[in-house]
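Colleague: I have a structure open and would like to walk through it with you. Could you take my questions as they come?

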Amino acid sequence: MSMFSHIHDYRYRHIRTVAPTAESGSDTTATTAATTPATTTQSGSHATGVADSGRWSTRRIAIYALFVALAMVTSFIEFPITPVAWLKYDPSGIVCLIAGFAFGPSAAAIVSVLGFVPHMFADPWGSLMAVLVALCLSVPAALIYRSHRTRKGAAAGILVGALLAIVAALLGNLVITPIYAHMSYAQVAAMILPILLPFNVAKMAIHAIITFLIYKPVSNLLAQRH
Amino acid sequence: MIDTTIRRLTIARLDNIRFSYDGGASWALDGVSLTIVEGERICLTGPNGSGKSTLARLIAGLAAPDSGTVTLLGRRVFDDAGPNADEYRQARRGIGAVFQNPEDQLVTTSLEDDVAFGPENLGLQRRLIGERIGGALVAVDLNDRRHADPTHFSGGQQQRAAIAGMLAMRPRLLVLDEPTAMLDEVSRAEVLEILDELQARGTTIVHVTHHTGDTVHADRVLRLEAGRVQADVPADRSDEASLSEGTTAQDSIAPVVASHAPHDSNAPQQPFAIVADHLAYGYQNDRQPVFTDVCLRIRQGETVALMGANGSGKSTLARLLCALARPAAGSIMVAGLPIAPAKPKRKQLTELRKRVGYVMQHPERQLFADTVADDVAYGPRNQGLSDDEVDQRVGEALRLLHIEHLADRSPFELSGGQQRLAAIAGIVASKPQVLVMDEPTASLDAAARSRIHDLVRALRAQGVTMLIITHDRAEAAMLADRVLDMNQLCRSNAASPSDSETTETTETTSVSAAKQHHSLLQRLDPRVKMVGFLIVMFSMFAVSNPMQLAAAALLTLAAILAARMNPLEVARTVHPILAMLVLMGLLNLFVVRTGTPLVELGPISITDDAVRFAILYTCRFALVIIQGALFLTTTGPTAITDAFASLLSPLGRLGLHTQELSLVMSLALRFIPTLTDEALAIRNAQAARGGSIETGSPSQKLRAMAAIIVPVLAGTMRHADNLALALDARCYEEGIHRTHWRQLAIRSHDIACIACVCGWLVVLVTL
């Protein structure tokens, strides 16, 4: 091990994060980099101190932007997974989860909120609900994973996130369904067990399985960004 | 040491530079020293991995070395004390950088706004920005397209746009990292011409390239090898340095030409492996078809090279032959299976996937698995082979490409060339009878290229039929039995590249003409429009009686007229969700129990109330959809971003990084089409290996989805890497003071719009 072994480029430090311990406390790194004079940048980082460190480095902006774009794209790939036609699965939740695991809770939040902005102009109330569900899934998962950077930590994160997301989805449906159909809360509540719960469980299960299938290759991918 | 003949200003001076990507285990640059004086044009050459891109980045001030000293534009940016951020910041304002991937350097969807981004970051006054945009666009000959969307440009035009984005910042030094690597010959010439002009105007140029032709007009050619300067010579003597490469290429041609002869004489007896007749293809919504009457016949065992300009439809033809897209007309028979005009049945398609292999452009972008061996096994596994057979296929494929030693490595830790070989092994492992390859050697260095040439020869000896798309005439002649030009294949109205060029320009002029006749809705201030539409759309769900519904319909009709759109055409936007609307109506019919029953069928009864609610709820949701569509069709991404930024800005006082969030949003909207196209390409490429998310058992579907998502994520991060550099090159920095080229102003029609929205709310409350 050379003297450089513990020092990573600030710009890339955020990116090497799925690998355990690589980014224990990305946010502390970010804040110190932002508050201390850039001239104190460690050697070996290749940072110039201009726009390549800190919470809003150009690199972070680019990562956020591309993940938001990906969430937008995937949110339009909808297909039914239950016989109920208006409840459709879309893989955008996976993008929010991966953003959170790789780049921290704030990334998860930004991707979850901005990723559904285009839907605002198609289904305004539905998009608010989608944002709520995505936030409940990805932010807690990212928070848990931040302190337990292992496959187990990821599993626990997804589990907690999925449970919260299901609760949010059910509560959200109680509020939102009467906007689309003239139904009382009791009528919507009656739909929970036969329709809403199975759909949401199936949706989260697919998210979880796929995120798990891609965990290893994506860790490799993140670890190899320079 | 400064030459006595040149008493010009030193632009950049690097002394004893070392740079390592792996913390000192290996050195990408090892003791490089270099002085560049004003007005010089320097070419940096060398094989892949020689450190030339790294060096370019250091010269552009976009990265700091591990040790040495760097002086850029007279500022000592890096020395033993480390990087000096302030000096770097100042130096960078005078340095422009252009990178290999043209698309990733575009930050927005209007050329004018894109060019303005740099000057805005420099905080220039609005008047000055206007001058800079004009000057820069004239210099790259794109001034007539300033309102066009650069993401729809050809690669060459995009690269010129990227150069314009730099020129608008008036750089004294321009660093270009393989700006022509992804371009065809015509586009390459366009870019080089612009460099010649800049050189004549006295701009200092550092140009990284591996095209020997590019070095002709350089003052000096610097050749790097393994992180060291191997040669630093005046351009006229650089031929000697690159001579060795030339001779190896010559050598490899000789034996292949000889092997052609026996094969050719056999060919006529072989039946056809590919028969395509009178193919026509046009993208949806495009008036100009890609091609109208293409005929192609290839015999079994033949190797055919297909050439032609970008945009002539080569890649489209490849996808048609692999049944990854369907022609508008014509018939196709591949490997004995009919795939057009009749849609192939699922069984035929499965068989086709076994017999036909497809190497997409940049196949390394479809790598997804944990290890190379796993990735290569994907195709054979989808064919349902046993584990032993799969292992055998994988071993064979890896041997064919000489990458057995990489089997257990992650595909993401390989070099670009190795990744390409691994990806191609993944297609070869399916043992296709017919192999279609789309530019398999593009942007590879000589070593990797020759591996692929070896593969083509080996497969040819095995009797595999091959269609290889390439831009490299020498390669085509060397590998193929026959070389075809896309234009020859088109029987009627050959869509020559010049044709497509002209149609492209006429289209954009019609677009810009349309821009001058903006509808009222388009002229609205985007902030007013966005807030207004959102208020109306959200409140639409409060509509609860026929009077309100009538008022809502009137308001929507008024908006349609203000957008100068045909109401019937607008109504069609509801079409995609028609099924959902019907379903919503039905749901309402059955859940509402109040009112007098109209129909009674056993336990189900439909009441008059139910019919009323069904109509009301369906109509108001349909109106929301129409309003959303109106907003999106009359508001471009730049306008949405402007509105977003402006509406968000008050939150800046709460400590929210509104400028950065707006930029994220703007970039996201710009990258949607890019990511969509890439995701589709990857889905096609994996489908060609038998991985489909539509068929198979649930576990197969999930695995197929993973095989698409991982490469899409990899692509997402690759774009982000490139984009971050492009933002750096344009001097964007967190929290800087930016000026704005585009100005928003509330005018009388905006006030009228606000009045309309207020009127609507009053109606909603009172009626």
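Predicted model: local features only at pLDDT ≥ 70, side-chain atom pairs only at ≥ 80, totals over all residues.

Colleague: Which residue is the bridge partner of B:Ala276 in strand 13 of chain B?

Modeller: The partner of B:Ala276 across that bridge is B:Leu296, which belongs to strand 13 of chain B.

Colleague: And what is the order of the strands in that open sheet of chain B?

Modeller: The sheet is an open one of four strands in chain B, and their order is 13-12-15-16, with antiparallel pairing. Strand 13 (291–299) and strand 16 (337–340) of chain B have a single partner strand each, so they stand at the edges and one side of each is left without a neighbour in the sheet. On average, and ignoring direction, neighbouring strands of this sheet are turned by 15 degrees against each other.

Colleague: Which strands does helix 8 of chain B touch when it packs on the sheet?

Modeller: Helix 8 (residues 314–321) of chain B touches strand 12, strand 13 and strand 15 (329–334) of chain B, and its direction makes about 120 degrees with that of strand 12 of chain B. Helix 9 (residues 346–355) of chain B packs on the sheet too, where it touches strand 15 and strand 16 of chain B, and its direction makes about 110 degrees with that of strand 16 of chain B.

Colleague: I clicked on B:Gly308; where does it lie?

Modeller: B:Gly308 is in the loop between strand 14 (303–307) and helix 8 of chain B.

Colleague: Is B:Gly308 buried or exposed?

Modeller: B:Gly308 is buried, because 23 other C-beta atoms lie within 10 Å, and a residue counts as buried when there are 20 or more. Leaving out residues up to four places away in sequence, B:Gly308 touches B:Lys314, B:Asp485, B:Met486 and B:Asn487.

Colleague: Changing topic, what can you tell me about the open sheet of six strands in chain B?

Modeller: Its order is 7-8-9-3-10-11 (chain B), and the pairing is mixed. Strand 7 (95–98) and strand 11 (228–234) of chain B are the edge strands, each pairing on one side only. Strand 7 of chain B and strand 8 (residues 173–177) of chain B run parallel and are joined by four bridges, and in strand 8 of chain B the bridge partner of B:Val98 is B:Leu176.

Colleague: Now chain A: how many helices and strands does its secondary structure come to?

Modeller: Chain A has eight helices and two strands, and buried residues make up 55% of its 226 residues.

Colleague: How do helix 6 and helix 7 of chain A cross?

Modeller: The axes of helix 6 (residues 124–147) and helix 7 (residues 151–180) of chain A come within 7 Å and cross at roughly 160 degrees. Angles over 145 count as roughly antiparallel, and therefore helix 6 of chain A and helix 7 of chain A are roughly antiparallel to each other. The crossing of these two helices of chain A is right-handed, and the residues of their contact divide into 22 nonpolar, six polar and no charged.

Colleague: Last one: how many residues of chain B are in contact with chain A?

Modeller: There are 73 residues of chain B in contact with 62 residues of chain A. The largest share of the side of chain B that touches chain A comes from helix 25 of chain B, with 17 residues, and by class this side has 51 nonpolar, 12 polar and 10 charged residues.

Note on methods: Residues numbered from 1 in each chain as written. Chains lettered and ligands numbered in written order. Contact = placed C-beta atoms within 7 Å. Nonpolar A, V, L, I, M, F, W, Y, C, P; charged D, E, K, R; others polar. Pairing = 2+ DSSP bridges. Axes fitted to C-alpha atoms, helices over the stretch in contact; angles between N-to-C directions. Buried ≥ 20, exposed ≤ 12 C-beta atoms within 10 Å, placed from the backbone. Parallel < 35°, antiparallel > 145°, perpendicular 65-115°, else oblique. Left-handed = near helix turned anticlockwise from the far one by under 90°.
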